Amino acid sequence: MGLTPRSSEAARGRSARRAASRLSIYLSVVIALGAGITVAIAVATDWSELASSWALGPVVFLVVAAVVGELRPVRFVSSTGELRMLTTSAPFVLALIPVAGVGVALAAQLVASAIDDIRSRRSVVKALFNSAQYALSVGAGALVFTSLSGVPMLGSGVAIDAPRIAALLAGGVVMIAVNWVLVAIVVSLSSGMPLSPILRGDIRVFLVTNLVLLSVGGIAADVAADGVWPLALLAPPVIAAHIFASTAARHAWEATHDGLTGLGNRTQLHHELDRALGAGAGVGLVLIDLDHFKDFNDTLGHPVGDVILRQVGERLVDAAPEGATVHRLGGDEFAVVVPGGLDAAHDAAMALIGSFEQPMGIEKLELLVRASAGVAAAPDHGERGDTLMKNADIALYHAKVERDRISTFSPEFDINTLERLQLLADLRSAVHAKELTVVYQPQVDLVAGEIVALEALVRWTHSDRGQVLPDEFIPLAENSGLIFPLTELVLDQALADLRVWRDAGHDIRMSVNLSARHLSDLGLPQVVAEIMRRHATPAGALVLEVTETGIFSDPARADLVLRALRGNGVEIAIDDYGTGNASLSYLRRLKIDELKVDRSFVSNIGSEDHDRIIVRSTIELALALDLRVVAEGVEDADTAQALQELGGVIAQGYHLGAPVPAEQVVSRLEGASHGSARLTRGQG
Ligand code: C2E
Ligand code: CA
Ligand code: CA
């Protein structure tokens, strides 16, 4: 690529270094100031004098409460969906200021914070910063209280009275505000996010919680003069508030997380994308979709499907680079937000997809899960979260269609793909609304001149585009999995219509097309059997058409599926025969019933010697193997004549009748049974 991206990358590197040095300057300044204040307060406090004026019980109570409050923070879920902690030491530290002086208050806070830092194994710098920012905020709070109330800052042992509570609360507000701002600046400097959204981010939770904490602090200071017991009465409401807050946090967590895998959900992904984009650096988005996950669910059951999804989540988390977040969007779709630009996103996608190379051990089974990924990155493919989502989705779709593992968004496949995505969305609603229809094309026994079967062909009339051809929407349905409900729709309609015609005395078969994907769907035979039961379809009356490519994409499974279908009385036809590479003897071993010779061979049979010889020998061999032979694409009388001479061949094509809607089938069935194979051409 040209000069611009590289120089902007260099600029990004420079600005990252600048941010890092700004952060360390800031940390040093805060730590130095905090240390200074701590030393000043410690030196100025007359500890021996103080101790004698203390009401020991209440002071010990408040110190213990401060430590417990620091170690048992209230959990809440931030606006970005992360689980955050809010310590509840503030009210007790605040109450200690008038009761025992700023020296004791600060000491209690520093001890509590140090215990927490050690327990959480925080780095020395972090621990020093925590202590320093507490020194600054407690110092500022005490200063405000003293100047408003006249109570000495270093401790008088006097209990606070009602008029002074306002001053104490003002001190508390300043204490908490200083703490909030000092910490927000660190978050801003280390994440690169501007300060104001961080400060505004959780302002509501922050205000409500601190209002409660300050009130508690005021009451604690007021009642401390009366001894430990009135103070102890404060415990139940504080504990209750703690429990309510935790419950609320759990609910908030559930709203932004997926219950099955514990990963963030779609809502959370949008927050995360906005947050990452707001930080201004490059952001990558990798969408991941498992291949044929439906098959696992259908064949192994949903509980196993759930175990697989959980393992997939774990693998993705393990494979995701530092700083990335993994989300489950629902079903078998996952999304990973990756810090950095396009290259980082692509590397991450490789690692994420690579994590599926080892089979998953599930209940003694070794399952190989495969997945595709679509990659889009900011700023290359958009600067907004929804644009990135759309483009990563297009890339994923591209990966699926092209059978690539990983596809990175490129503007070239945008317009084309968007159109197809739109068509796919329309097809999805058409399938769910059962707006597809079925037309029937007759298959005629040339010797008897009778219609012996009908082929069901699906039709879709799009509200804007009019008729969309199956050749256009069947591939879409196949790649999206919509082919399963679509086929059920066609089967159900075709067998319902067949029921009517058979009841009227027409002893005909119904042929329905399957797609390659059906042959690896072990659940198919049961679905078909159920639909046949619904319409009381007799054995031998339903023919399912499959292609050679369908069989070869997974021969072992196809064999299982075909056997089960035949076991249920379904006949199997090989469609478009001659366009693949299967030998007749191989197909024969699969136990099929019918061969449909492709129209590319049939249409010239009347005129070209070469084709006639090939087609003739094929047909003769098939007939000798006891297969039924249907010649497709019979468009004129000469072809029909040539086929008739071969004997025993069934013909299908415009010459014998185009596909027509169900209402027109009866008249044809009746016309044909009155002795004429020459059916009029209808609409397709
Ligand atoms: P196919 O199974 O080979 O179906 C025969 C196609 O040839 C039909 O096109 C039919 O209208 C057309 N045709 C019939 N007679 C003649 C003729 O004399 N000359 C020529 N040139 N063509 C003729 P259609 O309905 O557009 O279907 C196209 C393909 O779409 C089908 O090919 C089949 O593969 C697929 N398809 C159609 N309906 C379904 C369905 O319900 N499920 C699945 N999975 N695939 C379907
Ligand atoms: Ca067919
Ligand atoms: Ca065909």
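Ligand 1 is surrounded by 23 residues, and the closest are Q441, R459, D575, E635 and Y654, where a residue is near a molecule if one of its heavy atoms lies within 4 Å of it. The model is predicted, so local features need pLDDT of at least 70 and side-chain atom pairs count only at pLDDT 80 or more, while totals for chains, interfaces and linings use all residues. Residues are numbered from 1 along each chain as its sequence is written, chains are lettered from A and ligands numbered from 1 in the order in which they are written, and side-chain values use heavy atoms, with hydrogens and water left out.

**Around ligand 1**

- An N or O atom in the side chain of R459 is 2.9 Å from an oxygen atom of ligand 1, and a polar side-chain atom of R599 lies 3.0 Å from an oxygen atom of this ligand.
- The side chain of E635 has an N or O atom that is 2.5 Å from a nitrogen atom of ligand 1.
- Ligand 1 taken alone exposes 800 Å², of which the protein buries 86%; accessible areas come from the Shrake-Rupley method with a 1.4 Å probe, and for residues only the protein chains shown count as cover.
- The elements that give two or more residues to the shell around ligand 1 are β11 (450–462), α18 (470–480), α19 (483–503) and β15 (571–577), and β11 gives the most, with 4 residues. Helices (H or I, at least four residues) and strands (E, at least two) are DSSP runs, numbered from the N terminus.
- The shell around ligand 1 divides into 10 nonpolar, 5 polar and 8 charged residues. In this grouping Ala, Val, Leu, Ile, Met, Phe, Trp, Tyr, Cys and Pro count as nonpolar, Asp, Glu, Lys and Arg as charged, and the others, Gly among them, as polar.

- The calcium ion (ligand 2) is coordinated by E455 (OE), N513 (OD1), E545 (OE) and D575 (OD), at 2.1 to 2.3 Å. Donors are N, O and S atoms within 2.8 Å of the metal (3.2 Å for Na, K and Ca), and water is not among the atoms, so sites may look incomplete.
- Along the chain, the donors of the calcium ion (ligand 2) follow the spacing E-x57-N-x31-E-x29-D.
- E455 lies in strand β11 and N513 in strand β13 (residues 509–513), so this pair ties together parts of the chain that are 58 residues apart in sequence.
- E455 counts as buried, at 4% relative accessibility, whereas N513 counts as partly exposed, at 27%; buried means under 20% relative accessible area, exposed over 50%, and partly exposed in between (1.4 Å probe, protein chains only).
- The calcium ion (ligand 3) is coordinated by D575 (OD), D576 (OD), E632 (OE) and E632 (OE), at 2.2 to 2.5 Å, and its donors follow the spacing D-D-x55-E along the chain.
- D576 in strand β15 and E632 in the loop between β17 (628–631) and α26 (637–646) are 56 residues apart, and the pair links distant parts of the chain.
- D576 is partly exposed, with a relative accessible area of 26%, while E632 counts as buried at 11% relative accessibility.
- Which residue bridges the calcium ion (ligand 3) and the calcium ion (ligand 2)? The bridge is D575, and the two ions lie 3.9 Å apart.

**Aromatic pairs**

- The count comes to 4 aromatic pairs, under a rule in which rings of Phe, Tyr and Trp (its six-membered ring) pair if their centres lie within 6.5 Å, with planes under 30 degrees apart counted as stacked, over 60 as edge-to-face and the rest as tilted.
- Y26 and F129 form a tilted aromatic pair, with 6.2 Å from centre to centre and 50° between the planes.
- Y26 lies in helix α1 (residues 3–44) and F129 in helix α6 (residues 124–149), so the pair ties together parts that are 103 residues apart in sequence.
- Y26 counts as buried at 15% relative accessibility, and F129 counts as buried at 6%.

- V326 is found in strand β4 (residues 325–330) and counts as buried at 11% relative accessibility.
- H327 also has its place in strand β4 and is buried, with a relative accessible area of 2%.
- The side chain of H327 makes a polar contact of 3.0 Å with the side chain of T325. A polar contact is a pair of N or O atoms within 3.5 Å; within protein, one must be able to donate a hydrogen and the other to accept it, and residues adjacent in sequence count only if both atoms are side-chain atoms.
- E571 is in strand β15 and is buried, with a relative accessible area of 18%, and a polar contact of 2.8 Å joins the side chains of E571 and R628.
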